[in-house]
Amino acid sequence: MGDYRRIADRIADDIASGRLKPGQRLPPQRAFARRRGIASSTAGRVYGELVRRGLVVGEVGRGTYVRAAPDGPAGRALAEPGPADAPVNLELNYPSAPGQPELLAPVLAPLLRPDVLAEALLPAAATGTESAREAAATLLATPGWRPAPDRLLFTGNARQAIAAVLASLVRPGGRVGVEQLTYPLVKEIAARLGITLVPLAGDAAGLLPEAVAAAHRTAPLSALYVQPTLHNPTSLTTTRPRLLQLARLLHDLNLPVVEDRIWSFLHEPGDPLAAHAPALTHVVDGLSKRVAPGLTVGFLVVPPHRVGAVAGAVRSGGWSAGRFALEAAVRWAGEGTVARLVAAKRADAARRQKILAEELAGFAVRSDPRAYFAWWELPAPWRADTFTGAAAAHGIAVTSGPAFAVAPGHTPDAVRLGLASAPEPDLRRALRTLAHVAARRAGDRTGP
């Protein structure tokens, strides 16, 4: 075991014993390193290990805070519940419809025949197979848009699709415009690729075109990354007039865009931004939410002239989809399994939104009745970090709002609630507990 893990174990012991309490701030990493007589890089690994175990939460511009005091062996992750008091994880957000395994299993059975399996275990190119391209084009189609199959590429998941597109579009040091609150993994991908994210303002209709234009005038943007349908974390869906305005601006600036549609299957069919700016838009989607994260495929629809460049990025990044997953996806889509799961998950999301509305009535919660998540603007004097720690002390994991913020220092006092993964009774119990925590006096914020 490395030295950094032994140090992390000691911090975990302090958390488990109560010497470090939920919501308490740890020293800055450099101060921690000086105090312990270790290298700054080692301190970074200690803090990273504590984050991995689910014991602390780190927020750019605010520091690192104790998140939970596990009721078992020191350092046990929040996702490893004790037998008496299982935690509720409202960070994870993978929907599973009732009877989902029974729906999926019959389609997989033919793939296990030796002759079929031999074919399914061959390597897959970024362009997939002809049947996969046709199936994906049909699955992604909207009333006014159907992608041409020869513009389809495939990755292991949607996150890899985002990484491949950005790697193909933006050189290290380039600037990518994003909504002020954005998918946290995009921040990680950008950091690994050496890309600067530029936060752009929006309103109730979506991203503001004038904000895009102003940022581009300041220093040219290489691309945009947007989530126009059921934006994560706010659940906002961009209006059609605003999509048209953005499309015109993209044409005027000749600015490529990455359109993330991973949650769009929950929304009524609406044409994507790609329908209005096909020569500039790279659509990202996948099966992890529609079907399941354990056997998934990422979809990419790219402009015709960019197929080769994006396919090259997929290959060089090692992000190609597995052939077995592609074959399963083709069958699930062709035999109607995906459509049945989508219908079931839409109904499931609506039920969970009803629970949310009942348990958090009176609080400032932004959501969409079709979404699997909600954005809770916390009542004063709560801060996101201390509320996250207080929730964890009750065995409830939520995502701190600053995880989504792009600009340092602009960290909202809000949390995102993932509604998809917890069983409905646990979800109701967790939301009711959080409502009681939020309503407590400021002087009693972090107690159990």
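Colleague: What share of the accessible surface of the protein belongs to carbon and sulfur atoms?
Modeller: The model is a predicted one. Its accessible surface comes to about 18900 Å². The part of this area that belongs to carbon and sulfur atoms is 55%.

Colleague: What radius of gyration does the protein have, and how does that value relate to the globule rule?
Modeller: The secondary structure comprises 15 helices and 17 strands. For 448 residues the globule rule gives 22 Å, and the value for the protein is close to this, so the protein is as compact as a globular protein of that length. Along the principal axes, the C-alpha atoms fill a box of roughly 60 × 55 × 50 Å. The radius of gyration itself is 23 Å.

Colleague: What percentage of the 448 residues counts as buried?
Modeller: A residue counts as buried under 20% relative accessible area. By this criterion, the buried part of the 448 residues is 53%.

Colleague: Are the residues on the two faces of strand β9 buried or exposed?
Modeller: In a regular strand, side chains alternate between the two faces of the sheet. In β9 (residues 223-226), A223 and Y225 lie on one side, and L224 and V226 lie on the other. Both faces are covered, and all four of these residues are buried.

Colleague: Which residue in β10 stands opposite L224?
Modeller: L224 of β9 is also the bridge partner of G177, and strand β5 (residues 175-179) runs parallel to β9 with three bridges. β9 likewise pairs in the parallel sense with β10 (residues 257-260) over three bridges. The β-α-β crossover from β9 through helix α10 (residues 240-253) to β10 is right-handed. In β10, the residue opposite L224 is V257.

Key
Residues are numbered from 1 along each chain as its sequence is written. This is a predicted model: local features need pLDDT of at least 70, side-chain atom pairs count only at pLDDT 80 or more; totals for chains, interfaces and linings use all residues. Side-chain values use heavy atoms; hydrogens and water are left out. Buried means under 20% relative accessible area, exposed over 50%, partly exposed in between (1.4 Å probe, protein chains only). Helices (H or I, at least four residues) and strands (E, at least two) are DSSP runs, numbered from the N terminus. Two strands pair if DSSP finds at least two bridges between them. A crossover is right-handed if, with the strands pointing away from the viewer, the path from the first strand over the helix to the second runs clockwise. The radius of gyration is taken over C-alpha atoms; the globule rule is 2.2 Å times the number of residues to the power 0.38. Accessible areas come from the Shrake-Rupley method with a 1.4 Å probe; for residues, only the protein chains shown count as cover.
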